[in-house]
Amino acid sequence: AGTLISYSTQPHHVALDGDGDNSLYSGALARHMSAPDIDVLDMLKRVRRDVYERTNKAQLPWDNHALIDD
């Protein structure tokens, strides 16, 4: 209980590297994790949407959780 695992892509897929210093996933995560007053799952939805759109729907970040509190 109370765990969260976030993956850069969905099961059975390979994450794309991107062109910058960070991968597309880690770059999106860095941008969104500093947003104030947002639930972690809502933040991960923003990350997921950014990566999905920037990869033309080729990469879809995935998470698995057993959160019981905000």
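**A patch on the surface**

Let me start with a nonpolar patch on the surface: Ile5, Tyr7 and Trp62 form it, and together they have about 290 Å² of accessible area. Of these residues, take Ile5, which is found in strand β1, residues 4-7. Is Ile5 buried, partly exposed or exposed? Its relative accessible area is 41%, so Ile5 is partly exposed.

**The model as a whole**

What you see is a predicted model. The average pLDDT of the protein is 93, and 100% of the residues score at least 70. Among the elements, confidence is highest in β1, at 97, and lowest in helix α1, residues 24-32, at a mean of 94.

How many helices and strands are there? The protein has two helices and two strands. Along the sequence they follow the pattern β-α-α-β.

On overall dimensions, the C-alpha atoms fill a box of roughly 35 × 30 × 20 Å along the principal axes. The radius of gyration is 12 Å; a compact globule with 70 residues would have one near 11 Å, so the value agrees.

Of the 70 residues, 23% count as buried. Turning to contacts with a separation of 6 or more, 59% of them are between residues 24 or more positions apart.

**Buried positions**

Which residues does Tyr25 touch, leaving aside neighbours within four places in sequence? They are Ser6, Tyr7, Ser8, Val47, Val51, Gln59 and Pro61. One of these contacts, Tyr7, also belongs to the nonpolar patch I began with. Tyr25 is also ten residues from Ala15 in sequence, with their C-alpha atoms 8.3 Å apart in space.

His32 is also in helix α1. With a relative accessible area of 17%, His32 is buried. Not counting residues up to four places away in sequence, His32 touches Met43, Arg46, Val47 and Asp50. Please remember Asp50 for the charged pairs.

The loop between α2 (40-54) and β2 (62-65) holds Thr55. Is Thr55 buried or exposed? At 9% relative accessibility, Thr55 is buried. Beyond its neighbours within four places in sequence, Thr55 is in contact with Leu16 and Leu24. Between Thr55 and Ala30, 25 residues apart along the chain, the C-alpha separation is 17 Å.

Asn56 lies in that loop between α2 and β2. Asn56 is exposed, at 67% relative accessibility. Lys57 also lies in the loop between α2 and β2, and with a relative accessible area of 60% Lys57 is exposed.

The backbone deserves a remark here. Most residues other than glycine have a negative phi. Asn56 is not a glycine, yet its phi is positive, about 55 degrees. Lys57 is likewise a residue other than glycine with a positive phi, near 70 degrees.

**Charged pairs**

Side chains of opposite charge can pair when their charged atoms come close. How many salt bridges does a search of the whole structure find? The search finds three.

One is between Arg31 and Asp50, with the closest N and O atoms 3.8 Å apart. This pair links distant parts of the chain, Arg31 in helix α1 and Asp50 in helix α2, 19 residues apart. Arg31 is partly exposed, at 44% relative accessible area, whereas Asp50 counts as buried, at 18%.

Another joins the side chains of Lys45 and Asp42, at 3.4 Å from N to O. Both residues lie in helix α2, three residues apart, which is about one turn of the helix. Lys45 counts as partly exposed at 46% relative accessibility, and Asp42 counts as partly exposed at 34%.

There is also a salt bridge between the side chains of Arg48 and Asp63, at 2.4 Å from N to O. Here too the pair links distant parts of the chain: Arg48 is in helix α2 and Asp63 in strand β2, 15 residues apart. Arg48 counts as partly exposed, at 21% relative accessibility.

That is the end of the tour.

Methods: Residues are numbered from 1 along each chain as its sequence is written. This is a predicted model: local features need pLDDT of at least 70, side-chain atom pairs count only at pLDDT 80 or more; totals for chains, interfaces and linings use all residues. Side-chain values use heavy atoms; hydrogens and water are left out. Patches are made of residues with over 30% relative accessible area and no salt bridge: like charges are joined within 9 Å, nonpolar side chains (Val, Leu, Ile, Met, Phe, Trp, Tyr) within 5 Å. Accessible areas come from the Shrake-Rupley method with a 1.4 Å probe; for residues, only the protein chains shown count as cover. A salt bridge is a side-chain nitrogen of Lys or Arg within 4 Å of a carboxyl oxygen of Asp or Glu. Helices (H or I, at least four residues) and strands (E, at least two) are DSSP runs, numbered from the N terminus. Buried means under 20% relative accessible area, exposed over 50%, partly exposed in between (1.4 Å probe, protein chains only). The radius of gyration is taken over C-alpha atoms; the globule rule is 2.2 Å times the number of residues to the power 0.38. Contact means heavy atoms within 4.5 Å. pLDDT is the predictor's confidence in each residue, from 0 to 100.
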